[in-house]
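Me: Please take me through the aromatic rings and the cavities of this structure.

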Amino acid sequence: MAENYCGKSCETCNMKEKLSCSGCKAGPGRMYGGECPVAKCCQERGHNTCATCNQNNWCSKQKNAEGMAQTRFQKLEQERAAREQLEKHVPKLAKYLTILFWLNIAAQIPSLISNDLTKGLSGLYQTGQIISLLLSLAVVAFYLAMGTANSRYLKAALYMGCVTLAEEVLMWLTGGETPAWTLLINIPLIVVGFVGKYNLYTAHSQLLTPVDVALSEQWQKLWKWYIRLFIALIASAVLAFILPILGMLATIVAGIGTIVVSIMELIYLYRMMVAFRTYARELAA
């Protein structure tokens, strides 16, 4: 019997050949790269086998150990099918991601010519607004096109498009001012934008899973930071009414954090672009 964590006999396992398994602690239970949850649990708790754990009588992982090999095989089959499906879209995804990266870079430019300092120069200010709108709609269009590879891109694009158009209508109605009644519209828009960002980050993460697991996980971590900053901005706005100085400091810190997240988003998008361009070359070779 091969040494293992759960107590199963490797010699009688009918999935050994299908999984090309070299035995538990050398295969699915190895310290790095193993994918067995039973083995991972034993390692984290410091046990050589489940038998020495005082929780094995009610442990759901241990109870499912008999079918774990089949579960792992099904997961590998699902990953293989996902990779085959993804490979159909890789060439166009590599092109779309390249364009999206540069569109996101270009989207930073209009803010330089469309701000409070240029409001007196109506032509320059309006030009910046028009360029910003066109770039935003172009980004939305490319994410819509990527919806064939992952449906969450469709959701993200629809939410982003709604926010962009609504903000443009508000700008036209108010002439760039922010009267109190716009809060009734801006708050729902913030929520819609938040949901859109969630779908976008999730789509990036899911799309990358068969290509670059580490980068996929980084998108998930970035989303968690985005949530924290979102909460921090709300908290700082509330704090500003109670303790103005602390509220102002909190707003500055949260604002800096938001800038950092935006920069990391561009960096990850660049790395994602490189990963898919490399993958496309490998498939074409």
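Predicted model: local features only at pLDDT ≥ 70, side-chain atom pairs only at ≥ 80, totals over all residues.

Me: Are the rings of Tyr 143 and Tyr 153 stacked or edge-to-face, and why?
Reply: The ring centres are 5.7 Å apart and the planes meet at 5 degrees. Centres within 6.5 Å make a pair, and planes under 30 degrees apart count as stacked. The pair is therefore stacked.

Me: Which helices does this pair link?
Reply: Tyr 143 and Tyr 153 are ten residues apart in the chain. Tyr 143 belongs to residues 122–145 and Tyr 153 to residues 151–174. The helices are H6 and H7.

Me: Is Tyr 153 buried or exposed?
Reply: The relative accessibility of Tyr 153 is 0%. Buried means under 20%, so Tyr 153 counts as buried.

Me: How many cavities of 30 Å³ or more are there, and what is the volume of the largest cavity?
Reply: A search of the whole structure gives two such cavities. The space in the largest cavity is about 260 Å³.

Me: Which helix gives the largest share of the lining of the largest cavity?
Reply: The lining has 20 residues, with Cys 6, Lys 8, Cys 24, Pro 28 and Arg 72 nearest the centre of the cavity. Helices H1 and H3 each give two or more residues to this lining. The largest share, three residues, comes from H3.

Me: Which element gives the largest share of the lining of the second largest cavity?
Reply: Eleven residues line this cavity, and Cys 41, Cys 42, Cys 50, Cys 53 and Cys 59 lie nearest its centre. H1 and H2 each give two or more residues. The largest share, four residues, comes from H1.

Conventions
Residues numbered from 1 in each chain as written. Heavy atoms only, no water. Phe/Tyr/Trp six-rings, centres within 6.5 Å; stacked < 30°, edge-to-face > 60°. Buried < 20%, exposed > 50% of the residue type's maximum accessible area, 1.4 Å probe, protein only. 1 Å grid on protein atoms, 1.4 Å probe; cavity = no way out; pocket = protein on both sides within 12 Å on 5 of 7 lines; lining within 4 Å. Points joined across faces, edges and corners; volume = space filled by probe spheres on them.
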